[in-house]
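Hi,

Here is the structure I promised to pass on. Have a look at it first, and my notes follow below.

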Amino acid sequence: MCGICGIVALTPQARLPGPEVVRRMTDILRHRGPDDEGFHFDAAAALGHRRLSIIDVAGGHQPIANEDETRFIIFNGEIYNHREIRELLEKRGHRYRTASDTETILHLVEEEGIPGLNRMNGMWGFAIWDFPRRRLLLARDRLGIKPLYYAQAGDLLLFASEIKALLASHLVATDLDPAALASYLDLLYIPSPRTIFRGVRKLPPGHALVADSTGIRVERFWNPAFTLDRVPEFPEAAERVRDLLSDAVRIRLLSEVPLGAFLSGGIDSSLVVGLMSRVMDRPVKTFT
């Protein structure tokens, strides 16, 4: 888990607040990333990152820039198939500075734009700032595992992994949204894109946001299809579920730091730990 936040100017006339504002927003996210912090400041953007080091502990400091330092990324999450994607991107001429999955996202978007996100297997909330075009891209994973919020304050767009980081800027109003409150009382949660605050929005799962001088656009990049060619017999279905679950556990064990598992007392967590024990070369540390 990491934390990201930032402020970008939507028009050339807009003036960014001082760097202390994004530093304050970033500090609010310290609990999400206790290992490291990083910043990028230019005339139109201020980015902040708090890091929990998982992959490329030594070299994965963020923000990460592309080869000519015109685009910058801050990222919360993990891309499980980043090595396969990296091989493809290196064949296309990209030169890597790190071994992190973060850099792969940046080069993938440079090559294929928003549709390229469908190549990724993982969970993510990230921001890419394109300085020459003064364009910000925000994206959230297919199921919304990683959170991402944004708010507009005049000609400024603010974003963060948590709402309280937005509020720490002192640029975002705290007026309650009555419709969101009604949803919470009815459903016990607030559906996207609303939040409890009128001026703060959640980026919906499987969506990307593009912000530049022409405005703010939110678009869907993932369109799942729930169709089957045929209904499998039970033994075949059980084998398929076992294979999928085994693969899902295996790819999540890619880490440079110790791994553990939470035991809830249910069947699902017991299955996860059982599959972990088959793959790992040491006993699984469990917590309950």
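**What I found**

Leucine 188 sits in the loop that runs between helix H5 (178-187) and strand E10 (200-202); helices (H or I, at least four residues) and strands (E, at least two) are DSSP runs numbered from the N terminus. Before going on, note that this is a predicted model, where local features need pLDDT of at least 70, side-chain atom pairs count only at pLDDT 80 or more, and totals for chains, interfaces and linings use all residues. Residues are numbered from 1 along each chain as its sequence is written, and side-chain values use heavy atoms, with hydrogens and water left out.

Leucine 188 is exposed, with a relative accessible area of 65% (buried means under 20%, exposed over 50%, partly exposed in between, with a 1.4 Å probe and protein chains only). Together with Leu181, Tyr184 and Leu185, Leu188 makes a nonpolar surface patch of about 440 Å². Patches take residues with over 30% relative accessible area and no salt bridge, joining like charges within 9 Å and nonpolar side chains (Val, Leu, Ile, Met, Phe, Trp, Tyr) within 5 Å; the areas come from the Shrake-Rupley method with a 1.4 Å probe, and for residues only the protein chains shown count as cover.

Now the inside. In soluble globular proteins, nonpolar side chains tend to be buried together. The largest nonpolar core here has 41 residues, and Leu136, Leu138, Phe159 and Leu166 touch the most other members. (A core is a set of buried Ala, Val, Leu, Ile, Met, Phe, Trp, Tyr and Cys residues joined through side-chain atoms within 4.5 Å.) Another core, of 22 residues, lies apart from it and includes Tyr96, Ile114, Phe126 and Ala208.

Threonine 104 is buried at 1% relative accessibility. Its side chain makes a polar contact with the side chain of tyrosine 96 at 2.9 Å (N or O atoms within 3.5 Å; within protein, one must be able to donate a hydrogen and the other to accept it, and residues adjacent in sequence count only if both atoms are side-chain atoms). Leaving aside neighbours within four places in sequence, threonine 104 is also in contact with residues including His82, Ile85, Arg86 and Leu89 (contact means heavy atoms within 4.5 Å).

On to the charges. There are 19 salt bridges, each a side-chain nitrogen of Lys or Arg within 4 Å of a carboxyl oxygen of Asp or Glu. Three of them:

- Arginine 97 pairs with glutamate 69 (3.6 Å, N to O). Arginine 97 is in the loop between helix H2 (82-91) and H3, and glutamate 69 in the loop between strand E4 (64-65) and E5, so the pair ties together parts 28 residues apart in sequence. Arginine 97 is partly exposed, at 48%.
- Glutamate 90 pairs with arginine 86 (3.1 Å, N to O). They are about one helical turn apart because they lie four residues from each other in helix H2. Glutamate 90 is partly exposed, at 37%.
- Glutamate 112 pairs with arginine 119, with the closest N and O atoms 2.9 Å apart. Both count as partly exposed, glutamate 112 at 23% and arginine 119 at 40%.

Elsewhere, salt bridges that share partners join Arg71, Glu110, Asp130 and Arg133 into one network.

Cheers
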